Amino acid sequence: MSVRRIGIMGGTFDPIHQGHLVAASEVAHRFALDEVIFSPTGEAYHKAGDGRAPAEVRYLMTVVATASNPRFRVTRVDIDRPGPTFTVDTLRDLRAEFDHDHPGVDVEWYFITGADALSEILGWRDVEQLLASAHLVGVTRPGHELADPGLPHAQVSLLEVPALSISSTDIRARVRAGAPVTYLVPSGVAHLIAKYGLYQQSGAGSS
Ligand code: NAP
């Protein structure tokens, strides 16, 4: 029986931008993934009330941004689970969902995120379990140096993606300053930013 190769693209996506979409597409190509599941993080208590978009709006922007790609979909597992988002929980929930829907089908899991976030994850809890359950892919902008050079190469890959010179922090700052974000985000996301009046408050510009 053939093995399915599934990527999970984890991120806050506040907002999702063209760099995230190009990165997911590049990783899918590089690792011959059958699909990429975008997983927006749950409500981050340390960022809430700081001019950031609520989880439901980040989820909606992610659905709109990925709608035209048949190999991309979005999951609510991190949004619906109370408390902070830990990647071991993301993987456990998505694996349980897949095994329930496709009993007996083997899957190779890939967890994709920004290289900065990845080096943090590797310093956190249950890292052995995480490395045993998925191949980790850190996407970086060219010239970026990883904070943690001691990564186990068999289970972790790094991929430079020039389009990641676009960042959510910069987009929030541009919106707040009244600068255009056209072409930096998909047009549906730009419409949602305007419709919900996102990123106008002070504090929305910094991570
Ligand atoms: P973050 O600290 O908000 O982002 C750190 C950097 O990584 C930013 O430059 C960000 O750029 C970039 N980045 C984040 N997600 C990305 C993606 N999918 N593709 C490309 N670049 C990305 O990170 P975060 O969004 O909170 O966390 C990222 C993922 O790691 C989430 O799934 C989160 O649950 C997981 N995580 C897990 C643990 C843990 O298990 N202990 C700890 C930390 C993070 P942009 O702002 O432009 O996206």
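In this predicted model, P15 is found in the loop between β1 and α1. A cis peptide bond joins D14 to P15, with omega at about 0°. The protein has eight helices and six strands, and 47% of its 207 residues count as buried. The points below take the overall layout, then the sheet, the helices, the aromatic residues and the backbone.

**Overall layout**

- Among the contacts with a separation of 6 or more, 71% are between residues 24 or more positions apart.

**The sheet**

- Six strands form an open sheet in the order β3-β2-β1-β4-β5-β6, and the pairing is parallel.
- The edge strands are β3 (72–74) and β6 (156–160), each of which pairs on one side only.
- On average, neighbouring strands of this sheet are turned by 25° against each other, direction ignored.
- In general, strands of a sheet pair through backbone hydrogen bonds, either parallel or antiparallel.
- Strand β4 (residues 107–114) and strand β5 (residues 135–140) run parallel and are joined by five bridges.
- Across this pair, G114 stands opposite V139 of β5.
- Five bridges also join β5 to β6, and these strands run parallel.
- On that side, L136 stands opposite V156 in β6.
- Six of the six residues of β5 are buried, so the strand is largely enclosed by the rest of the structure.
- From β5, H135, V137 and V139 point one way, while L136, G138 and T140 point the other way; all are buried.

**The helices**

- Helix α1 covers residues 18–30; at 1.5 Å a residue its 13 residues should span 18 Å, and the end C-alpha atoms are 18 Å apart, which agrees.
- The buried residues of α1 include G19, H20, L21, A23, A24, V27 and A28.
- An α-helix has 3.6 residues a turn, so residues three or four places apart point the same way.
- Helix α2 covers residues 55–66; its 12 residues should span 16 Å at 1.5 Å a residue, and the end C-alpha atoms are 17 Å apart, which agrees.
- In α2, the buried residues include A55, V57, R58, Y59, M61, T62, A65 and T66.
- The cover over the buried residues of α2 includes α1, β2, β3, α3 (77–80) and α8.
- Helix α4 (residues 87–101) lies across β1 (4–11), β2 (35–40), β3 and β4, and runs at about 145° to β4.

**Aromatic residues**

- The structure holds four aromatic pairs.
- F31 counts as buried at 13% relative accessibility, and Y110 counts as buried at 7%; the cut-off for buried is under 20%.
- F13, F38 and F72 form one aromatic cluster.
- Y59, one of the buried residues of α2, has the charged end of R76 over its ring, 4.8 Å from the ring centre.

**Backbone features**

- Most residues other than glycine have a negative phi, and most peptide bonds are trans.
- Just after α1, A32 takes a positive phi of about 50°.
- Y183, in the loop between α7 (168–177) and α8 (187–195), has a positive phi near 75°.
- Y183 is exposed, with a relative accessible area of 72%.
- Y199, in the segment after α8, has a positive phi near 65°.
- Y199 counts as buried, at 2% relative accessibility.

Terms used:
Residues numbered from 1 in each chain as written. Predicted model: local features only at pLDDT ≥ 70, side-chain atom pairs only at ≥ 80, totals over all residues. Heavy atoms only, no water. Helix = DSSP H or I, 4+ residues; strand = E, 2+ residues; numbered from the N terminus. Expected span 1.5 Å × (residues − 1). Buried < 20%, exposed > 50% of the residue type's maximum accessible area, 1.4 Å probe, protein only. Pairing = 2+ DSSP bridges. Axes fitted to C-alpha atoms, helices over the stretch in contact; angles between N-to-C directions. Contact = heavy atoms within 4.5 Å. Phe/Tyr/Trp six-rings, centres within 6.5 Å; stacked < 30°, edge-to-face > 60°. Lys NZ or Arg CZ within 6 Å of the ring centre and 35° of its normal.
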